[in-house]
Amino acid sequence: MAATMALVGVLAACSPMSMFSRTGDEEPLVPAEQLYASAVTNMENNRYIAAIEDLETLERQNPFSDVNERAKVMQVFANFRLSRFSEAARQADQFLALYPRSSEVPYILFLKGSSYYEQITDITRDQELAQDAIETFTQLQANYPDSRYARESRQMLLIARDQIAGKEMSVGRYYLGNGQYTAAVNRFRIVVEDHQTSTHVEEALYRLTEAYLTLGLVGEAQTATAVLGTNYPSSEWYQRGFDLLQNQGLSPQMMTGNWMADR
């Protein structure tokens, strides 16, 4: 009988009524509209941490609220303004998964790409973030070409691509200096073929001239300098390539059938 009474006592302690009676430990419920209004006020006053706290509470307490879509946009922006770029990109991905048809998608893609862009380091480091920025901005421009955010991202896209090209040049120069000429050619070729808008193309063509001459591929060396002269006639790199050929009794000449002939 005593054991039965003890079991009843345990069940009573675990009953829903008992759980609801401990109101002191529960988070007070706040209407979604009130939390959203508080978040807006905090955002307007640059109190981004407080705004994020409001928005996270809103999302937790009111997962089906009509304001959740706008709240998610604000979370991405607030984290971006706080330089929490990894979190901003993560929140952007969540938004895109939840609201793929939202009119805010171009803006979210812009914030996501900008979050990657702001984390790009110098060319001696891994360029995964630059590549992520390129992919995001390319998606933005391909799917929303008339968006203001597509226009605003163009310069950042060029810089990110230039960063990737700079990394290829750095590795290519390393190979060239260590006598790994074929490996160097492959790196410089990537710059010329895949990063034609970068500021590194001129040097890449000159370095190809250097590497091809060393490998005894005279026609390729002449073509590299001819392409350089056609596209950048006043370039210092063209003059250096021209002098390099001339020292060996050669001149720039476009050879048909060469991969560079169409550049």
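Q: Which residues do ring pairs link into a cluster?
A: The model is predicted: local features need pLDDT of at least 70, side-chain atom pairs count only at pLDDT 80 or more, and totals for chains, interfaces and linings use all residues. Rings of Phe, Tyr and Trp (its six-membered ring) pair if their centres lie within 6.5 Å, and planes under 30 degrees apart count as stacked, over 60 as edge-to-face and the rest as tilted. Ring pairs of this kind form a cluster of Tyr107, Phe110 and Tyr149.

Q: What is the angle between the planes of the aromatic pair Tyr48 and Phe77?
A: The ring rule gives a count of eight aromatic pairs. Tyr48 and Phe77 form an aromatic pair with 6.3 Å from centre to centre. This pair is edge-to-face, and the angle between its planes is 80°.

Q: How many residues apart in sequence are the parts that Tyr48 and Phe77 tie together?
A: Helices are DSSP runs (H or I, at least four residues), numbered from the N terminus. Tyr48 belongs to helix H4 (residues 48-61) and Phe77 to helix H5 (residues 68-81). The pair therefore ties together parts of the chain whose separation in residues is 29.

Q: Is Tyr48 buried or exposed?
A: Buried means under 20% relative accessible area, exposed over 50%, and partly exposed in between (1.4 Å probe, protein chains only). Phe77, at 22% relative accessibility, counts as partly exposed. Tyr48 has a relative accessible area of 8%, so Tyr48 is buried.

Q: What is the centre to centre distance of the aromatic pair formed by Tyr107 and Tyr149?
A: At 17% relative accessibility Tyr107 counts as buried, and Tyr149 counts as buried at 18%. Their helices are H7 (residues 105-117) for Tyr107 and H9 for Tyr149, so the pair ties together parts 42 residues apart in sequence. The planes of Tyr107 and Tyr149 are tilted at 40°, and the distance from centre to centre is 5.1 Å.

Q: The charged end of which residue sits over the ring of Tyr36?
A: A charge sits over a ring if NZ of Lys or CZ of Arg is within 6 Å of the ring centre and within 35 degrees of the ring normal. At Tyr36, the charged end is 4.9 Å from the ring centre. The residue that supplies this charged end is Arg70.

Q: With which residue does Glu87 form a salt bridge?
A: A salt bridge is a side-chain nitrogen of Lys or Arg within 4 Å of a carboxyl oxygen of Asp or Glu, and the count comes to 10 salt bridges. In the one formed by Glu87, the closest N and O atoms are 2.6 Å apart. Glu87 is partly exposed at 25%, and the partner is Arg90.

Q: How far apart are the N and O atoms in the salt bridge of Arg173 and Glu203?
A: The side chains of Arg173 and Glu203 meet in a salt bridge. The pair links distant parts of the chain, 30 residues apart, with Arg173 in helix H9 (residues 148-177) and Glu203 in helix H11 (residues 201-215). Arg173 is partly exposed at 33%, whereas Glu203 is buried at 12%. From N to O, the distance is 3.0 Å.

Q: Which residues does Glu203 touch, not counting residues up to four places away in sequence?
A: Contact means heavy atoms within 4.5 Å. Glu203 has its place in helix H11. With residues up to four places away in sequence not counted, Glu203 touches Met169, Arg173 and Trp237.

Q: What distance separates the C-alpha atoms of Ala224 and Ala204?
A: Ala224 lies in helix H12 (residues 218-231) and is buried, with a relative accessible area of 0%. Beyond residues up to four places away in sequence, Ala224 touches Leu205, Leu208, Thr209 and Met260. Ala224 and Ala204 are 20 residues apart along the chain, and their C-alpha atoms are separated by 9.2 Å.

How values were computed. Residues numbered from 1 in each chain as written. Heavy atoms only, no water. Helix = DSSP H or I, 4+ residues; strand = E, 2+ residues; numbered from the N terminus.
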